[in-house]
Amino acid sequence: MLRCVRFATQLRFYIEEETFEALERNAERIKIISGERIEEELNKIMLTDQPSRGFVDLQRCGLLKLILPELDALDIVETRNGRAHKNNFFHTLEVVDNLCRAQKERLAELQAICDDEATDNEQKQNCEAEMARLNEHKLWLRWATLLHDIGKAKTKRWDNAVGWTFHNHNYIGAKMVPTIFRRIKLPMDSKMKYVQKLVDLHMRPIAIADEEVTDSAVRRLVNEADDDVDDLMMLCEADITSKNRVKKERFLENFRLVREKIADLHEKDYKRLLQPVIDGNEIMELFHLKPSREVGTLKQTLKDAVLDNKVPNEREPLMQLLVKKAKEMGLC
């Protein structure tokens, strides 16, 4: 049944009516199939040019609610006081297809640079390295995109002032990722953690782009996303599905500014400078502490000061701030 849907997705054909009815009748039999075989077919659907075709067929024939009930649960629209939220299932599939197009376009751009006779060896090596990174993350960035709003069913609330809300859906969604990966036998290693991190962080660039794009906010984003910040930005750009042209253009323009600031930070080697020069071991030694909440609070104080550019990342000013905070906490 899964292979039928996968072939239809890969080859872009519609499943014949009687065959589709057979899928519906026998959907429950998917329970006797191993997680490894389900994983293989889902991954092949994910790697097609338009995965939404496969997930729509899986949902229509009843397989999706048995394999990925968390995704199936997003296919609902509620209306209250004349205000409805969007269908988060079809929104998710639109975002996945957007992401697939962006990946394909980016790889084509890099290939064109590599093939250009005017490209020098260093540029070519950089392009080849970026292409290898994109291909390595291709499948897992698509999984992160498919699951980016997975927490919305659990966090949906009605607020009389603002309407429907999904507060902390990114955090709840990230906590759901390991359970989903474990059930369908996806890897529980660094690939799962990568997906979990992007699900957790996917609202951060949107929050930045919705306001003035400040250096401080971008520093925090780079520090948290680390080497995956470009993938996170690609996911967030795909997530802009608004039919309001002005709103969409404003977000995309602000995302462009975020990318520019990220590039500036990389050029200045901020990645190295964002970690305070005073670490947790030294804090414990200075104040005779064991690993504890107090140590975490002191570390976060130094980290926030560096990220917000309140003090230079140098030993003397950070030590002054550390002692001041420790006194406030009654540690010295």
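Is Leu-11 buried or exposed? Leu-11 counts as exposed, because its relative accessibility is 58%; exposed means over 50% relative accessible area, buried under 20%, and partly exposed in between (1.4 Å probe, protein chains only). This is a predicted model, in which local features need pLDDT of at least 70 and side-chain atom pairs count only at pLDDT 80 or more, while totals for chains, interfaces and linings use all residues. Residues are numbered from 1 along each chain as its sequence is written, and side-chain values use heavy atoms, leaving out hydrogens and water.

**Around the first helix**
- Leu-11 sits in helix H1 (residues 2-11); helices (H or I, at least four residues) and strands (E, at least two) are DSSP runs, numbered from the N terminus.
- Together with Phe-7 and Phe-13, Leu-11 makes a nonpolar surface patch of about 280 Å².

**Positive phi values**
- Arg-12, in the loop between H1 and helix H2 (17-26), is a residue other than glycine with a positive phi, near 60 degrees.
- Because its relative accessibility is 47%, Arg-12 counts as partly exposed.
- Asn-168 lies in the loop between strand E4 (163-165) and helix H10 (169-183), and its phi, near 65 degrees, is also positive in a residue other than glycine.
- With a relative accessible area of 53%, Asn-168 is exposed.

**Helix H7**
- Helix H7 (residues 88-115) has 28 residues and should span 40 Å at 1.5 Å a residue, the expected span being 1.5 Å times one less than the number of residues.
- The end C-alpha atoms of H7 are 40 Å apart, in agreement with that expectation.
- At the start of H7, the backbone nitrogen of Phe-89 has a side-chain oxygen of Asn-87 within 3.0 Å.

How values were computed:
Patches are made of residues with over 30% relative accessible area and no salt bridge: like charges are joined within 9 Å, nonpolar side chains (Val, Leu, Ile, Met, Phe, Trp, Tyr) within 5 Å. Accessible areas come from the Shrake-Rupley method with a 1.4 Å probe; for residues, only the protein chains shown count as cover. A salt bridge is a side-chain nitrogen of Lys or Arg within 4 Å of a carboxyl oxygen of Asp or Glu. A polar contact is a pair of N or O atoms within 3.5 Å; within protein, one must be able to donate a hydrogen and the other to accept it, and residues adjacent in sequence count only if both atoms are side-chain atoms.
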